[in-house]
Amino acid sequence: APASQDFFKESKTRMYHIAERTLELTLLMHREPKETVDQLSSLGLRHVGMSIPVEFFPPFVQAAVEALQEVTSDEMVVNA
């Protein structure tokens, strides 16, 4: 979503942190689903509080899924 690029004017270090945290939460979804859902809900609310349009959430998730598909063929990981 090209319009969402305005919200990602961060340093490369910060972008790596976001990518790493996305992967961590994906893996935690299997080990601690309830806690992870709580964390993701809180994260979503913080982003809404920062005026990030919710319609940008699905493209971000899709990009994360596509990135995972490039490094694993494990459907369980990708579907998380």
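Q: In which helix is the place of T22?
A: T22 has its place in helix α1. The model is predicted, so local features need pLDDT of at least 70 and side-chain atom pairs count only at pLDDT 80 or more, while totals for chains, interfaces and linings use all residues. Residues are numbered from 1 along each chain as its sequence is written, and side-chain values use heavy atoms, with hydrogens and water left out.

Q: What makes the elements of the protein chain helices or strands, and how many of each are there?
A: Helices are DSSP runs of H or I with at least four residues, strands are runs of E with at least two, and both are numbered from the N terminus. By this rule the protein chain has four helices and zero strands. Their order from the N terminus is α-α-α-α.

Q: What is T22 in contact with, leaving aside its neighbours within four places in sequence?
A: Contact means heavy atoms within 4.5 Å. With those neighbours left aside, T22 is in contact with F60 and A64.

Q: Why is the pair of T22 and I18 called a polar contact?
A: A polar contact is a pair of N or O atoms within 3.5 Å; within protein, one must be able to donate a hydrogen and the other to accept it, and residues adjacent in sequence count only if both atoms are side-chain atoms. A polar atom of the T22 side chain lies 2.8 Å from the backbone oxygen of I18, and this distance is within 3.5 Å, so the pair is a polar contact.

Q: Why is the pairing of R21 and E24 called a salt bridge?
A: A salt bridge needs a side-chain nitrogen of Lys or Arg within 4 Å of a carboxyl oxygen of Asp or Glu. For R21 and E24 the N to O distance is 3.0 Å, so the pair meets the rule. The two residues are three residues apart in helix α1 (residues 12–31), and therefore about one helical turn separates them.

Q: How do you know that R21 and E24 are partly exposed?
A: Buried means under 20% relative accessible area, exposed means over 50%, and partly exposed lies in between (1.4 Å probe, protein chains only). R21 has 31% and E24 has 34%, so both are partly exposed.

Q: What makes D38 and K34 a salt bridge, and where do they lie?
A: Their side chains meet at 3.3 Å, N to O, which is within the limit of 4 Å. Both lie in helix α2 (residues 33–49), four residues apart, about one turn of the helix. The count by this rule comes to two salt bridges.

Q: Why is S51 called exposed?
A: The relative accessible area of S51 is 55%, which is over 50%, so S51 is exposed.

Q: What share of the protein chain is buried?
A: Buried residues make up 15% of the 80 residues.
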